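Please read the numbered points with the model in view.

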Amino acid sequence: MGMSYWILIGAIMLMSWFVSSRLKSKFEFYSHLQLRNGMSGKEIAEKMLADNGIYDVKVISVEGQLTDHYNPANKTVNLSEAVYNQRNAAAAAVAAHECGHAVQHAQAYGWLEMRSSLVPIVNVASSYVQWILLAGILMIRTFPALLLIGIVVFAATTLFSFITLPVEYDASNRALAWLKNKNMLSPSEYNGAEDALKWAARTYVVAAVGSLGTLLYYVMLYNNRRS
């Protein structure tokens, strides 16, 4: 591994740390901005689903912090305990965003369907890609094809990261549009929800850029294998 690799990894880790720290501070700040309508994250989610004609999706509570997600397999909007129970701008933003994914699913949103189709492949690839790449680097002069296989596998995870971007941004746009059109939040509450979702989306951008940068490094390493 050359110095350029460690510089790349360091830059990616620094960006990831900065965005993650900002995200946590934003959610902490907006968690103190209580909603004038007094609705909890659970109630926000259930109303957004109903307003979009979705009645076969359950809103449930899950353990952890920032563990919120939509599961298309069993049609559940999974909200972390804080989001599920709290009545603030941060909780409203997260709950509406996850329901945005449920709306995508109900409307067969193309990018979500493409992303879902790649999940089994990426799950397998993520389990083995680092070992394949490590073995490929160690055997680069005797068996360079192994590194090429690792690059192809890693490229699948990179593609997944980039397909995730429109899925996440679209879910946030759907959430914000619904919150605004239904007058669910006051102007200050809406601005807080918008800011929180903006920083949440940036975590996916950093992940995608980092994955692409790492992929390009391995490609460069493969191309320079005879030098």
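**Note on side-chain packing and pairing**

1. Phe154, Tyr217 and Tyr218 together make up one aromatic cluster. Rings of Phe, Tyr and Trp (its six-membered ring) are paired if their centres lie within 6.5 Å, and planes under 30 degrees apart count as stacked, over 60 as edge-to-face and the rest as tilted.

2. On the basis of the note: this is a predicted model, in which local features need pLDDT of at least 70 and side-chain atom pairs count only at pLDDT 80 or more, while totals for chains, interfaces and linings use all residues. Residues are numbered from 1 along each chain as its sequence is written, and side-chain values use heavy atoms, with hydrogens and water left out.

3. Four aromatic pairs are present in the structure. In one of them, the ring centres of Phe18 and Trp199 are 6.1 Å apart and the planes stand at 70°, so this pair is edge-to-face. Phe18 belongs to helix H1 and Trp199 to helix H7, 181 residues apart, and the pair thus links distant parts of the chain. Helices (H or I, at least four residues) and strands (E, at least two) are DSSP runs, numbered from the N terminus. Phe18 is partly exposed, at 44% relative accessible area, whereas Trp199 is buried, at 10%. Here buried means under 20% relative accessible area, exposed over 50%, and partly exposed in between (1.4 Å probe, protein chains only).

4. Tyr217 and Tyr218 also form an edge-to-face pair, with 5.7 Å from centre to centre and 70° between the planes. Tyr217 is buried at 6% relative accessibility, and Tyr218 is buried at 3%.

5. Two arginines deserve a look beside aromatic rings. Arg202 lies over the face of Trp199, 4.4 Å from the ring centre, and Arg174 lies over the face of Tyr109 at 5.4 Å. The criterion is NZ of Lys or CZ of Arg within 6 Å of the ring centre and within 35 degrees of the ring normal.

6. How many salt bridges does a search of the whole structure find? The search finds six, each being a side-chain nitrogen of Lys or Arg within 4 Å of a carboxyl oxygen of Asp or Glu. One of them joins Lys26 and Asp195 at 2.8 Å, N to O. Lys26 in helix H1 and Asp195 in helix H7 are 169 residues apart, so that this pair links distant parts of the chain. Lys26 is buried at 16% relative accessible area, as is Asp195 at 13%.

7. Arg174 forms a salt bridge with Asp170, their closest N and O atoms being 2.4 Å apart. Both residues lie in helix H6, four residues apart, about one turn of the helix. Arg174 is partly exposed at 21% relative accessible area, while Asp170 is buried at 17%.

8. The largest nonpolar core has 42 residues, and those with the most contacts inside it include Ile44, Leu49 and Val77. Such a core is a set of buried Ala, Val, Leu, Ile, Met, Phe, Trp, Tyr and Cys residues joined through side-chain atoms within 4.5 Å. Helices H1, H2 and H4 and strand S3 are among the elements that each supply at least two residues; H4 gives the most, with 11 residues.

9. Leu49 touches Ile54, Val57, Val59, Val77, Cys99 and Ala102, leaving aside residues up to four places away in sequence. Contact means heavy atoms within 4.5 Å.
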